[in-house]
Amino acid sequence: MIVYLFQLLFLWSTPHSVKQIPEDLQRGKRLMEQRCIKCHELKTVSHYSPERWEKILPKMSRKAKLSAQESSTLGSYIQWELERASRQK
Ligand code: HEC
């Protein structure tokens with residue numbers, strides 16, 4: 001019985017930790033969904049190279065009137081998406 005329970009817990013926890021976006025990055029994703037689509041549609045993050053994002057992020061943060069804090073939260077999310085995309089290649 002105990003073993004069975006542990007197996008259930010294991011089954012529940014694995015897919016989550018693999019698939020889900022880490023908690024602190026969810027905020028960056030939401031910022032993007034809420035603040036960045038006012039003026040234009042958004043392509044996927046990985047459509048642009050990291051070098052492009054270095055220029056795009058500060059410029060678009062100004063346009064979206066993000067605070068420095070929000071901009072860095074969004075930056076972490078973008079970086080995470082880029083890393084995930086490069087792992088999948
Ligand atoms: C006030 C309107 C406005 C907001 C808000 C805005 N953008 Fe933009 N965005 C533009 C305009 C205009 C362009 C095209 C001209 C340019 O690059 O300045 C653009 C272009 C882009 C591009 C393409 C850049 C390229 O070099 O091809 C990306 C990517 C982008 N925006 C991402 C974002 C992100 C991420 C946010 C949120 C932080 C955001 N935008 C918020 C107006 C906006």
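A residue is called buried if 20 or more other C-beta atoms lie within 10 Å of its own, exposed if 12 or fewer do, and partly exposed in between, with C-beta atoms placed from the backbone. Gln34 is exposed, because it has 10 other C-beta atoms within 10 Å. The structure is a predicted model, in which local features need pLDDT of at least 70, side-chain atom pairs count only at pLDDT 80 or more, and totals for chains, interfaces and linings use all residues. Residues are numbered from 1 along each chain as its sequence is written.

The protein has four helices and zero strands. Helices (H or I, at least four residues) and strands (E, at least two) are DSSP runs, numbered from the N terminus. Along the sequence the pattern reads α-α-α-α. Of the 89 residues, 9% are buried. Contacts with a separation of 6 or more were also examined; 76% of them join residues 24 or more positions apart. Two residues are in contact if their C-beta atoms, placed from the backbone, lie within 7 Å.

Two helices that pack are described by the angle between their axes and the distance between the axes. Helix α2 (residues 23-35) and helix α4 (residues 68-88) have axes that come within 8 Å and cross at roughly 105 degrees. Therefore α2 is roughly perpendicular to α4. Axes are lines fitted to C-alpha atoms, for helices over the stretch in contact, and angles run from 0 to 180 degrees between N-to-C directions. Angles under 35 degrees count as roughly parallel, over 145 as roughly antiparallel, 65 to 115 as roughly perpendicular and the rest as oblique. From α2, Leu25, Arg27, Gly28, Lys29, Leu31 and Met32 meet Glu70, Thr73, Leu74, Ser76, Tyr77 and Trp80 of α4. Gln34 is also found in α2. Gln34 lies 30 residues from Ala64 in sequence, and their C-alpha atoms are 9.7 Å apart.

Helix α3 (residues 50-63) has 14 residues. Its span from first C-alpha to last is 20 Å, close to the expected 20 Å at 1.5 Å a residue. The expected span is 1.5 Å times one less than the number of residues. α3 bends by about 30 degrees at Ile56, and Pro58 follows within four residues. The bend is the angle between axes fitted to the seven residues ending at a residue and the seven starting there. α3 is hardly covered, with one buried residue among its 14.

Lys65 follows α3 and lies in the loop between α3 and α4. Its phi is positive, near 55 degrees, in a residue other than glycine. Lys65 counts as exposed because it has 8 C-beta neighbours inside 10 Å.
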